[in-house]
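Welcome! Let us take a walk through this structure together, one stop at a time.

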Amino acid sequence: GIHSGDSACSLPPYSLPRDTIAEIERQTRDMALALNVGGLMNVQYAVQNGTIYVLEVTPRASRTVPFVAKVIGEPVAKIAAKVMAGAKLADFNLKPDAHGRVAVKEAVFPFARFAGVDTVLGPEMRSTGEVMGLDWRREGEADASAAFARAFAKSQLGGGTNLPTGGCVFVSVKDSDKPWILEAVRLLVGEGFNILATSGTSAFLAENGLPVQTVKKVLEGRPHIVDAMKNGEVQLVFNTTEGKQSLSDSFEIRRTALMMKTPYFTTAAGALAAAQAIAATAKGALDVRPLQSYAREPA
């Protein structure tokens with residue numbers, strides 16, 4: 001999940017459009033009032049092609065509450081408890097957060113402990129923890145995109161993923177993702193990475209002027225991509241698939257990445273975030289500072 005403290009910033013494809021966010025806020029408020037909720041309420045939404053769907057509404061706290069409290073610097077649970085005890089919400093002088101903070105929540109998974117388990121995610125809950133990456137828009141930055149990149153990098157570090165600073169990236173994406181992977185690959189080429197791709201993706205990248213080497217899929221004979229990964233020749237993997245056959249064919253890639261501790265991203269948005277994070281950290285070391293300092297105007 002991604003929370004931006006600056007409602008004026010735009011971070012496609014990670015942030016929803018501002019009008020969609022405003023409509024979600026309106027719907028949440030209307031449901032809270034209609035249900036007469038005093039305290040905390042958890043709403044799960046899905047947004048598809050601009051249409052907002054409500055998946056569930058429950059009058060309770062969720063584990064997102066402490067995350068949000070840390071980001072905005074307000075004791076959300078304490079305020080909710082006081083409201084439940086009869087205090088008025090208006091008494092707490094809560095205002096929209098105007099600071100340029102960006103927080104990224106990353107899930108932590110236990111896949112490495114289970115031999116043969118595929119790392120593909122479905123609707124079931126599999127994470128065993130989560131971490132936060134937090135950063136802010138610095139003076140002179142036009143928007144929060146650089147803050148997002150730094151926050152994402154911190155979230156990866158916190159979750160145990162060490163993004164590489166150089167080496168080789170393996171790219172194999174489904175047809176619908178090919179246009180969306182270009183920016184990520186361009187960023188990494190600019191940082192000096194070599195690009196390795198399967199035939200279809202390789203041809204697309206080459207057509208768009210990007211330097212790329214072609215590698216065989218597992219089913220195309222050896223030496224193939226898994227051999228290269230096991231030989232330590234790949235430092236980062238971007239692999240998106242669709243359909244049962246493609247998922248089955250790429251299982252060995254996912255498992256090898258897990259065993260080799262090679263960072264692995266399975267969506268085009270995740271790949272772009274990783275590339276932006278690598279580019280951002282190449283510009284300078286990440287800041288470490290006390291959590292409570294983020295609750296004040298960042299210096």
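In which strand is the place of Gly-133? This predicted model puts Gly-133 in strand S5, which covers residues 129-136. Gly-133 has a relative accessibility of 0%, so it counts as buried, the cut-off for that word being under 20%. Another glycine to look up is Gly-159, 26 residues away along the chain: 9.5 Å separates its C-alpha atom from that of Gly-133.

Now turn to a pair of strands. Strand S2 (residues 42-48) and strand S3 (residues 51-58) pair in the antiparallel sense, with 7 bridges.

Our last stop is helix H6, residues 199-207, where Thr-201, Ser-202, Phe-204 and Leu-205 are the buried residues. They lie on the same side of H6, because the arc they cover around the axis is only 165°. As a rule, an α-helix has 3.6 residues a turn, so residues three or four places apart point the same way. What do the buried residues of H6 pack against? Their partners are helix H5 (178-190) and the strands S6 (168-172), S7 (194-197) and S8 (213-214). Just after H6 comes Gly-209, with a positive phi of about 80°.

Note on methods. Residues numbered from 1 in each chain as written. Predicted model: local features only at pLDDT ≥ 70, side-chain atom pairs only at ≥ 80, totals over all residues. Heavy atoms only, no water. Buried < 20%, exposed > 50% of the residue type's maximum accessible area, 1.4 Å probe, protein only. Helix = DSSP H or I, 4+ residues; strand = E, 2+ residues; numbered from the N terminus. Arc of directions from axis to C-beta. Contact = heavy atoms within 4.5 Å. Pairing = 2+ DSSP bridges.
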